[in-house]
Amino acid sequence: MKDGQRCAVTDFVFVDDDSVNNLICKLTVEIVWGEIPSESFVNPVLALDYFKTSYPTKSNHEHTVLLLDINMPGMNGWEFLEAFDNLPALTKEQIHIYILSSSVDHRDKNRSYANKNVTGFLIKPLSLECVQKFSDDWAIKPD
Amino acid sequence: MKNSNLSFEWLWVSNKADFTKALVEYIPSIILCDHSLPGFTSTDALWIVKEAGVKVPFILVTATVSEEFAVMMMREGVADYILKDRLQRLPTAVVNALEKWEAMGEREAGIANLTAIMENSDTQIYSLDRNFRYITFNTFLKNTLKQVYDVDIHVGDRVFDFLDKLDSEESRGWEDKYTQALSGTPIHFVKEFKIGDHRTFSSFSINPIRQGDRVIGLSCFATNVTAEKLADEKIKASELRFRALIENNYDAITLRDENLNLLYSSPSANKMVGKCDDEEFNTPFNDTIHPDDLRLMNLLFTEAKADPGKVIHCKGRIKHKDGSYIWIEGTIRDMLSHKGVNGIIFNYRNISTQMESDSHREKITSDIIQRNKDLEQFTYIVSHNLRAPVANILGISNLLDIPTLKETDRIEAIAGITSSARKLDDVIGDLNEILKEKRNITEYKQVVHFEELIHDIHSSTAEMLDETDIVVKTDFSEAESMLTVKSYMHSIFYNLITNSIKYRKPDVPLSIEVKSRLANSKIVLSFIDNGLGIDLELHGEKIFGLYKRFHPEIEGKGMGLFMVKTQVETLGGTIDIKSKINCGTEFTIIL
């Protein structure tokens, strides 16, 4: 399954208060990408802290895929995105954010695409097909 | 003459031409004339004086004269005659003649004046003796009677003579009036005459003429007042018409003076507030207006007074006799300086029905908006809370199909199915409860005592309340109970109190204060704690939302406040929150 050309994802971060979803994500990406590093957070604030402390410089996290839920207590997905935007540019450019929502409401989708830090909008459950296509979205970027 | 101490000037003429000239140019006060003059006689001289219209005393001064001649001359207007041998009488004769002449002139002038007044008056003037015979009358009366009745009247005619012929009954009516006046009472009246199609009105004034204590006759005056009378009738008719228009108007019409005291209040104005005229007049302006509208209304009246004639529009509530208030809309206009009005016109109409239907419409609109919000929220719940566990189950099912899945992962995944199915079941249960709650508006009401409610909750949450250092203070002295739906009140109290316990500060003893008070005939409930509090600037709008949770580290579904708000609103009340992080929370419910 691993492809030298496309195997650009370095690691995964899952942010969802629902731990079952985080488990599904972890198992699904491991089926596609094998033993790939991943972090799960049920509290989005802790995820932000993680980015602040672990992404100071260009590191082995060059292409982190972040799967972000919208509907969370305390800090929801939109609030997370606001806080995320305040992170250093160097940190942000290492992270590719996908909204992973149970929502079938088109307003959530439109709002996701309106955010410049969001790469894609996925509907739960995370499918194997989606995971295989992750790098396509940004691997072909000119940079 | 010179010896008699009289001061005078004199001119001597001796012929006819000089005499004629002197009459015009010298203008003497008295003429002393000899009988025999060169070329003419004293008779000629007197004739010249009369011819010239010169009115001065003429004294004949002569040597001899026959008695016949003297009498003849006196008849012709000579004031006196003096024989030349008795000239010592001349000064006295001159003075007497001048005095007499002056008095005569005055009387003549007086009569002439009176006659002129009578003749030039547009009043018919006549006087009657005690036998109702004409003593005098002016030409105007004579001409009028001639013109109207073709009657010629003469001094001495009885006043009833022609009336008897025309209308004997009418004649007796006049006799009564004249007789009454003869008894000493002046009479004044207006009488209508119908001559053909014409109506004329005369104002009569019949006054007794007295000589000492006796009434010797009547002086009567009749003035044509047809024009005034008809104009008056026209004004009265027009006033009646306008009054009828005002009094039958559905709108209220009132007039107030500059201090807003009532001057006029139309029947519809009285009817609107269920009062009679007197009651309305005895009510001060400030007591007729709703207290909340009083300031505005007074301002508007001040505005109207500042700009006389300007129409000021107003809307507010006025008080009905039964104490209720009526919505009115109208205009205020200062016409204090307008001669015919002299007041501030305040007209208005009852718009209560309109306001009610407006507020009814507003309520329907707000209900629809609320329903729509509920629907949106429901969509959100379906999208997130309902679909999330379904998505999990689907995701895990897909994973379980993968043969390479490790056994440990498989076990964990299967546990995920179970927990997701449970979550799904919970959400469906919650939704069912919410929908049931919203439908149950008609649940019966009973008197609920707040203290009992606290007691019930205390026993059902004994575990939570007893195990920790919690102080619950209550004060329901101002409002002990209310008629309401008990299950809702229980749920409201339960949710707010357990919330305070859940979100307490771990290191501080928890204090919960529940109070009731009365405000504007409504019951106000306060729930105050010293717990964690919440950042309202951040979460303000979402605080009462379904499945909204603000303390992820503390167990909860995000249902409590949603249910509280739904129930308060179902009971027709409002709920408000004040809170600061680490300073506690205060909920205020107005029912």
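**Exercise 1.** Leaving aside its neighbours within four places in sequence, with which residues is A:V42 in contact?

*Solution.* The model is a predicted one, in which local features need pLDDT of at least 70, side-chain atom pairs count only at pLDDT 80 or more, and totals for chains, interfaces and linings use all residues. Residues are numbered from 1 along each chain as its sequence is written, while chains are lettered from A and ligands numbered from 1 in the order in which they are written.

Begin by placing A:V42, which is found in the loop between strand 2 (38–41) and helix 2 (44–54) of chain A; helices (H or I, at least four residues) and strands (E, at least two) are DSSP runs, numbered from the N terminus. Contact requires C-beta atoms, placed from the backbone, to lie within 7 Å, and the partners of A:V42 beyond those sequence neighbours are A:D16, A:D17 and A:S19.

**Exercise 2.** Why does A:V42 count as partly exposed?

*Solution.* A residue is buried if 20 or more other C-beta atoms lie within 10 Å of its own, exposed if 12 or fewer, and partly exposed in between. A:V42 counts as partly exposed because it has 18 C-beta neighbours inside 10 Å.

**Exercise 3.** State how many residues of chain A and of chain B are in contact, and classify those of chain A.

*Solution.* The chain A side divides into 9 nonpolar, 7 polar and 4 charged residues, where Ala, Val, Leu, Ile, Met, Phe, Trp, Tyr, Cys and Pro count as nonpolar, Asp, Glu, Lys and Arg as charged, and the others, Gly among them, as polar.

Terms used. Contact = placed C-beta atoms within 7 Å.
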